[in-house]
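Here is a note for a reader who is new to looking at protein models. Please keep the sequence and the structure open while going through the numbered points.

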Amino acid sequence: MEPPAQSRRVTIVDVARHAQVSTTAVSKVLRNAYGASPAMREKVQRSIAELGYRPYAAARGLRGQTYTIGVMLPDIRNPFFPDIVDGVTDWFKDTDYQVLLGPGCNGEEAEARVTEAMIDRGMDGLILVAPVSPRSHLEHLANLVPTVVVGRHGHSPRYDTVVDDDLAGASLIVDHLADLGHRRIAHIEHLETDPTRLAEMPNTLRTEGYRRAMSARGLADETDVVSTSYTQEGGYLGAQQLLARERRPTAIFAGADFVAMGVLEALAEAKLSVPQDISLTGYDNTSFAALRSISLTSVDQAGHAIGGNAARLLLDRITDRARPTVQVKLSPTLIVRNSTAPAPR
């Protein structure tokens, strides 16, 4: 049969006519249901491909699933988050699920708007990356739809979590710099005041890991923390504060590669060289860190693996809402590049 004119959206009726089968048969193939023979499946799938048929997500939602997954990102400019998204999409690529992204904009109200919109559109599950919302709100979401939270260290009976061992990652950096002879090792952290987030967010654990490692290396008196934000501007402002010290640091541990970008800007403005004048490290091992012109020593927290684990846990949760929640904690590694060198004498 000739395909219908493409002036309107192709329907299941069009597919049935083209394949010369019933609409019930097409529905069985779309739902992968019992009762459709291999020959019928091939016939229907060929018609679907030739006609370019796309099922209505809303109609699928009325039958219980839309096969869409919502991923909330706090900051779409941070070069680390695409690694997580790649891990999520790679996990789902051989399934019927489609991954859709929403910006949380690093704020509770914006996060609520995005997550509520995802639920209103019948998404089958949510992956929330480093959300700043209170745990009560996260558990409310998880009661409504299967949810996995990335980057929050707290445990919950409502949602699964995937985290990096941020304490260990910070220690890797301090140990590396101390082994190079650095004593004045400063840290730029993300300012946090909320009590729950102070206990759960990666930035606070990295700071705690830095403090513990400095103490373990006998450098507690050299501890120097500047609180700004995990942004390029935060790195720039933090570096300016550190460079204004009477005894400026010989090494800076930026809490994220994104922060290190701002540090590099401030150092260049002050006509200081990396690593000849000041060694610099980041955290996340983004593609930015690997650029030859940057060559930033950074902690690799395996963003792709984080995303893959989040997708796996979410699919498990969609399949079985009643199973006990779990937390996957990944072990970081240090990638040493040219931005760190022995301390100046």
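How much space lies in the second largest pocket?

1. The second largest pocket holds about 510 Å³ of space. A pocket here is an open set of points on a 1 Å grid over the protein atoms alone, where a 1.4 Å probe fits, with protein on both sides within 12 Å along at least five of seven lines, and lining residues have an atom within 4 Å of a point. Grid points are joined across faces, edges and corners, and the volume is the space filled by probe spheres set on the points. Of the 31 lining residues, Phe81, Ala130, Met201, Asn203 and Tyr230 are the closest to the centre of this pocket.

2. Before going further, please note that this is a predicted model, in which local features need pLDDT of at least 70 and side-chain atom pairs count only at pLDDT 80 or more, while totals for chains, interfaces and linings use all residues. Residues are numbered from 1 along each chain as its sequence is written, and side-chain values use heavy atoms, with hydrogens and water left out.

3. Helix H5, strand S5 (160-164) and helix H10 (202-216) are the elements that give two or more residues to the lining of the second largest pocket; helices (H or I, at least four residues) and strands (E, at least two) are DSSP runs, numbered from the N terminus.

4. Strand S5 is mostly covered, since 5 of its 5 residues are buried, where buried means under 20% relative accessible area with a 1.4 Å probe and protein chains only. In a regular strand the side chains alternate between the two faces of the sheet. In S5 both faces are covered, with Asp160, Val162 and Asp164 on one side and Thr161 and Val163 on the other.

5. S5 runs parallel to strand S4 (residues 147-150), to which 3 bridges join it, and Thr161 is the bridge partner of Val149. S5 also pairs in the parallel sense with strand S11 (residues 327-330) over 4 bridges, and two strands pair if DSSP finds at least two bridges between them.

6. Strands S1 (residues 68-73) and S2 (residues 98-103) run parallel and are joined by 6 bridges, with Met72 opposite Gly102.

7. Is Thr68 buried or exposed? Thr68, which is found in strand S1, counts as buried because its relative accessibility is 12%. Leaving aside residues up to four places away in sequence, Thr68 touches Tyr97, Gln98, Leu100, Gly122, Met123, Asp124 and Gly125, where contact means heavy atoms within 4.5 Å.

Technical notes:
Buried < 20%, exposed > 50% of the residue type's maximum accessible area, 1.4 Å probe, protein only.
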